[in-house]
Amino acid sequence: MDAKDILGLPKNSLPIPQEKKSRPPKDSQRKPDGISREVYALTGGLAPLMPAIDSSQLKKQPPKDEKITWQWLPFTNSARKDTLQLYHWVRVVNGVPPTGDYSFAKYNKSVDIVKYTDEEYEKYLNDPGWTKEETDQLFDLCQRFDLRFIVIADRFSSSRTVEELKDRYYSVCRAIVVARAPALGDISGNPLVKEPYNVSQEIERKRALSMVLSQTKHQERKDAEVLAEAKRITESRMAAKVAEESELPVPSNAGPESAERASFPGDTVSPSSNVQLPSATIASSALTADNASTLASLRMLRVYLRTYALDQMVQAASSSAGLRTIKRVEQTLQELGVNLKPRVPTKSVCAEHLELRKEILTLLNLQKQLQYKEAEGSSFRDCSYADTPSTPKDRTFVPDMSFGGERVGKRDQKRKAPGRLSEAPSSPAQSKRPRKLKASDL
Amino acid sequence: MNNSSSSKKHSPDQPETSGPTFKSQRTKMDTEKKILNKKLKDVEISCPIVYGSMAFWLGKKASEYQSHKWTVYVRGAMNEDLGVVVKRVVFQLHSSFNSPTRVLESPPFEVSEAGWGEFEIAITLYFHSDVCDKPVNLYHHLKLYPEDESGPMSTKKPVVMETYDEIVFPEPSEGFLARVQNHPAVTLPRLPIGFTLPPPVPVEDASRRKRGDTKDHPLSQWFMNFSEADELLQLAAARQQVQAHIAKLKRQISVIDGPHQQLKSISDQ
């Protein structure tokens, strides 16, 4: 169209009304024969790219030269062991009945069970816990019931557990396979040889499964709590380790850090006050770990620009914050009338700028916390322990130690997990107010 | 921590000696060298600089290929002489210029040219051997046209684009420190207690030294002012606001937690 403009040709205005006229006749032409218009419209009015069924087949007439009759004829089933003859209707074409086996015979599949001779039994398969009769019976049942051990266990004469039967069966098979193999190398790939059946493990596994299945809701919640607490503790230990490992002469931090680490070992069975410290150290040690490592890497450089240093520190401080959070920080900075990159980046200006950014992160964090709490308050009256721990990033940026610690302490106080606090005062409180789990409790 | 790479005479500022005292002077210099090469931790030397460009429209004299005359430069933030720290500056201009790599071996570190287009100039600062053997790269976009496009272009008033930054040397050598300890071009932190510097090297003859500072530069009237006070004020105000907001939120949160806290205190007993 632009080309026509350039060339100065008049735009062709005729095609539009022409198209409209030509469309209806074309539409009816597109409808295929063999299917009525309504049926075709079911597909959306358009032909499928690959026709699922060749529509011409549907109205096909059978070939005229064939004469079809239906006859009541006897048949045999090759899957049967006897010679029972039954009758059924058969489609006969031109007087010739169809050949071939009964069409369902191919579905009669069975498992190949190992068959051992008496000799082999004497040589390899003797077992103090099993008589030959029992073993034979087991194998016979396995053959009959295609290794469906539940059924076999039910049918077995003496009362043996499913695991025992499986164990006997698999160990017999394994022994036979090993005995019959010409060389060990040939069968090392055989799963029977590679991964033998482990009875005790199986028993344990099934027991554990049934336990999990039969857990009450109450129990489930408790387990989740304990796991959450364990995860939190490992995380805090990791954070402390990281802070420890960044070997920087940051004297102001070294003191409190070592003191706090000393309190760590005592935190497994500890009153709530001690537990407050780990969360505080998570916050400070994670932050200082980040800052410390950035400072260390800056020092490694012989020379650097102040703006570069600020960038690195900003990145380190917001390393655990998502992209959206970072954008919000920048937005807040703009609202406050502060340049995103300081115009006069002196040492003190950069330090102030960094501190401001950190404070804004704290602010955003607190806002989120407040939102969660308000949401909680409106839906549930009773707040309870956290099951899912909040992500470490939330915790990291709570610089107000007492605040963060309080929340942790509260949680621990109420817990009644095995091996942890079992202080008498806490239990009555707990029983009084059954607490529901809240995923966003922090 | 001896810096073994710089074993040559480290400073042009050392006083010349002559005659019979030579031998003893040399051994003294050797030990001095060793001391001066030592790196200092916890002392950070920073050198505030401003780099940028100034462009004048040529008005009537403008041709198609030369509509502006401009200067790109690196100067001390307070217009001091950067020569104590910087040995050489290399300006990499657009490839359409003749010999686009311009090397300046002494202050004032600037390049003046005439042209029509805006492009990015790469500025590399090389320092004296006792300062740092790694160069620093800066990038500056040459601005010829003013922000306000509709405004009239004037031949008298240039379009100025400057950036402030500081070069930080985290572990300077003692020699460097000795050389610059009283020089206005650098900022030194307060030296740690018990720190003794070797005596400052005597300043060279004023007449021999070429003036490297830009205090009386012909373009100095257009230099931008970079004062950290404004920025600090702005930041302090912002921080206060944020802190107040944080306190408010904390109060709100503790109000919500109030009833739970009560329960906790009961169970605590």
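Chain A contains 20 helices and 3 strands, where helices (H or I, at least four residues) and strands (E, at least two) are DSSP runs numbered from the N terminus. The model is predicted: local features need pLDDT of at least 70, side-chain atom pairs count only at pLDDT 80 or more, and totals for chains, interfaces and linings use all residues. Residues are numbered from 1 along each chain as its sequence is written, chains are lettered from A and ligands numbered from 1 in the order in which they are written, and side-chain values use heavy atoms, with hydrogens and water left out.

**Chain A overall**

Of the 442 residues in chain A, 33% are buried; buried means under 20% relative accessible area, exposed means over 50%, and partly exposed lies in between (1.4 Å probe, protein chains only). Among contacts in chain A with a separation of 6 or more, 62% are between residues 24 or more positions apart. A contact here means heavy atoms within 4.5 Å.

**Helices α6 and α8 of chain A**

Two packed helices are described by the angle between their axes and the distance between the axes. For helix α6 (residues 132–145) and helix α8 (residues 162–180) of chain A, the angle is about 95 degrees and the axes are 11 Å apart. Axes are lines fitted to C-alpha atoms, for helices over the stretch in contact, and angles run from 0 to 180 degrees between N-to-C directions. α6(A) and α8(A) are therefore roughly perpendicular to each other; angles under 35 degrees count as roughly parallel, over 145 as roughly antiparallel, 65 to 115 as roughly perpendicular and the rest as oblique.

On the α6(A) side, the contact involves Thr135(A), Leu138(A), Phe139(A) and Cys142(A), which meet Leu165(A), Arg168(A), Tyr169(A), Val172(A) and Cys173(A) in α8(A). By class, this contact of α6(A) with α8(A) has 7 nonpolar, 1 polar and 1 charged residues. Ala, Val, Leu, Ile, Met, Phe, Trp, Tyr, Cys and Pro count as nonpolar, Asp, Glu, Lys and Arg as charged, and the others, Gly among them, as polar.

**Aromatic pairs**

Over all chains, the structure holds 20 aromatic pairs. Rings of Phe, Tyr and Trp (its six-membered ring) pair if their centres lie within 6.5 Å; planes under 30 degrees apart count as stacked, over 60 as edge-to-face and the rest as tilted.

| Pair | Centre to centre | Angle between planes | Type |
|---|---|---|---|
| Phe139(A) and Tyr169(A) | 5.2 Å | 40 degrees | tilted |
| Tyr169(A) and Tyr170(A) | 5.3 Å | 70 degrees | edge-to-face |

The pair of Phe139(A) in helix α6 and Tyr169(A) in helix α8 links distant parts of chain A, 30 residues apart. Phe139(A) and Tyr169(A) are both buried, Tyr169(A) with a relative accessible area of 5%. Tyr170(A), at 27%, is partly exposed. Ring pairs join Phe139(A), Tyr169(A) and Tyr170(A) into a cluster that also includes Tyr116(A), Tyr121(A), Phe149(A) and Tyr197(A).

The loop between α6 and α7 (149–155) of chain A contains Leu147(A). Phi of Leu147(A) is near 60 degrees, a positive value in a residue other than glycine. Leu147(A) is partly exposed, with a relative accessible area of 24%.

**Chain B**

Chain B has 3 helices and 8 strands, and their order along the sequence is α-β-β-β-β-β-β-β-β-α-α. Buried residues account for 42% of its 269 residues. Among contacts in chain B between residues at least 6 apart in sequence, 69% join residues at least 24 apart.

Two loops of chain B hold backbone features. Asn79(B) lies in the loop between β2 (68–76) and β3 (86–92), and its phi is near 65 degrees, a positive value in a residue other than glycine. Asn79(B) counts as buried at 15% relative accessibility. Pro108(B) lies in the loop between β4 (101–104) and β5 (109–115), and the peptide bond from Pro107(B) to Pro108(B) is cis, with omega near 0 degrees.

Two charged side chains of chain B lie over rings. The charged end of Lys69(B) is over the ring of Phe56(B), 4.8 Å from its centre, and Arg88(B) is over the face of Tyr126(B), 4.7 Å from the ring centre. A charge sits over a ring if NZ of Lys or CZ of Arg is within 6 Å of the ring centre and within 35 degrees of the ring normal.

**Asp165(B)**

Asp165(B) lies in strand β8 (residues 159–169) of chain B and counts as buried at 2% relative accessibility. Not counting residues up to four places away in sequence, Asp165(B) touches Leu305(A), Arg306(A), Thr307(A) and Pro345(A), along with Cys47(B), Pro48(B), Ile49(B) and Tyr51(B). Asp165(B) and Leu138(B) are 27 residues apart in sequence, and their C-alpha atoms are 9.7 Å apart in space.
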